[in-house]
Amino acid sequence: MSDAHTAVHGGHHPVDPSVPVEYHHEENSLRIAGFWVFLGSDLVLFSCLFATYVVMHGRTAGGPTSNQLFDVTGFTIETIALLFSSFTCGLATYEMRRGNRNAMVMWLLITIALGLVFLGFEITEFVQDASSGARMQTSGFLSAFFTLVGTHGCHVSMGILWMSGVVVQLIRRGITPITARKAFIVSIYWHFLDAVWIFIFTVVYLTGKVL
């Protein structure tokens with residue numbers, strides 16, 4: 001058995017090296033499969049919000065248009081922060097499978113920090129929009145915009161809290177099949193949010209600056 005797998009299980013539970021630690025127990029496999037089903041329902045939610053936004057994009061009711069509202073610098077920084085956080089989250093999973101807890105925790109903390117940067121810029125954007133009179137009740141376009149982007153932001157906030165809890169468990173218990181499964185599921189969630197943001201970046205911000 002490799003040193004990595006000995007470290008992962010504290011030398012008490014030998015595992016098949018060909019099976020990732022998060023899939024070590026059948027229950028873990030079922031929970032991970034169940035989470036994919038949950039993400040399917042979340043995908044339906046975001047699909048509805050995207051469809052609503054596309055329909056409402058031109059309904060500005062005399063209020064600001066997307067071209068007038070969106071700040072290129074702000075949403076570019078948000079995108080870079082979130083894309084890079086997905087990369088660091090992937091590095092955390094890589095270190096988890098190597099049984100390197102300290103490196104895994106470090107990459108997760110960096111992921112959390114990048115998530116906070118993303119949220120900071122998004123909240124600033126919303127506050128500036130509201131200060132300039134661009135509020136949800138101003139027009140159908142703004143209502144759809146704040147609902148779509150705000151829902152994604154709420155998901156990122158939950159992801160940060162969730163990931164922070166996983167980090168605490170990793171520090172206290174180390175990498176076990178249970179903590180590995182939790183870390184793996186939150187990483188799937190994080191990558192999903194990253195994928196959703198790519199669509200928001202393209203459909204909402206880039207298209208909004210052109211149309």
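Reply: The accessible surface of the protein chain comes to about 10,300 Å² (Shrake-Rupley method, 1.4 Å probe), and 67% of that surface belongs to carbon and sulfur atoms. This is a predicted model, in which local features need pLDDT of at least 70 and side-chain atom pairs count only at pLDDT 80 or more, while totals for chains, interfaces and linings use all residues. Residues are numbered from 1 along each chain as its sequence is written, and side-chain values use heavy atoms, with hydrogens and water left out.

The protein chain has 7 helices and 0 strands, taken as DSSP runs numbered from the N terminus (helices H or I, at least four residues; strands E, at least two). Its C-alpha atoms fill a box of roughly 70 × 30 × 25 Å along the principal axes. Of its 211 residues, 45% count as buried, meaning under 20% relative accessible area with a 1.4 Å probe, protein chains only. Among contacts (heavy atoms within 4.5 Å) with a separation of 6 or more, 79% join residues 24 or more positions apart.

Now the pair. Helix α4 (residues 72-97) and helix α7 (residues 177-210) have axes that come within 10 Å and cross at roughly 160°; the axes are lines fitted to C-alpha atoms over the stretch in contact, with angles from 0 to 180 degrees between N-to-C directions. That angle makes α4 roughly antiparallel to α7, a term for angles over 145 degrees. By class, the contact of α4 with α7 has 16 nonpolar residues (Ala, Val, Leu, Ile, Met, Phe, Trp, Tyr, Cys and Pro), 4 charged (Asp, Glu, Lys and Arg) and 7 polar (the others, Gly among them).

Note on methods
Angles under 35 degrees count as roughly parallel, over 145 as roughly antiparallel, 65 to 115 as roughly perpendicular and the rest as oblique. Buried means under 20% relative accessible area, exposed over 50%, partly exposed in between (1.4 Å probe, protein chains only).
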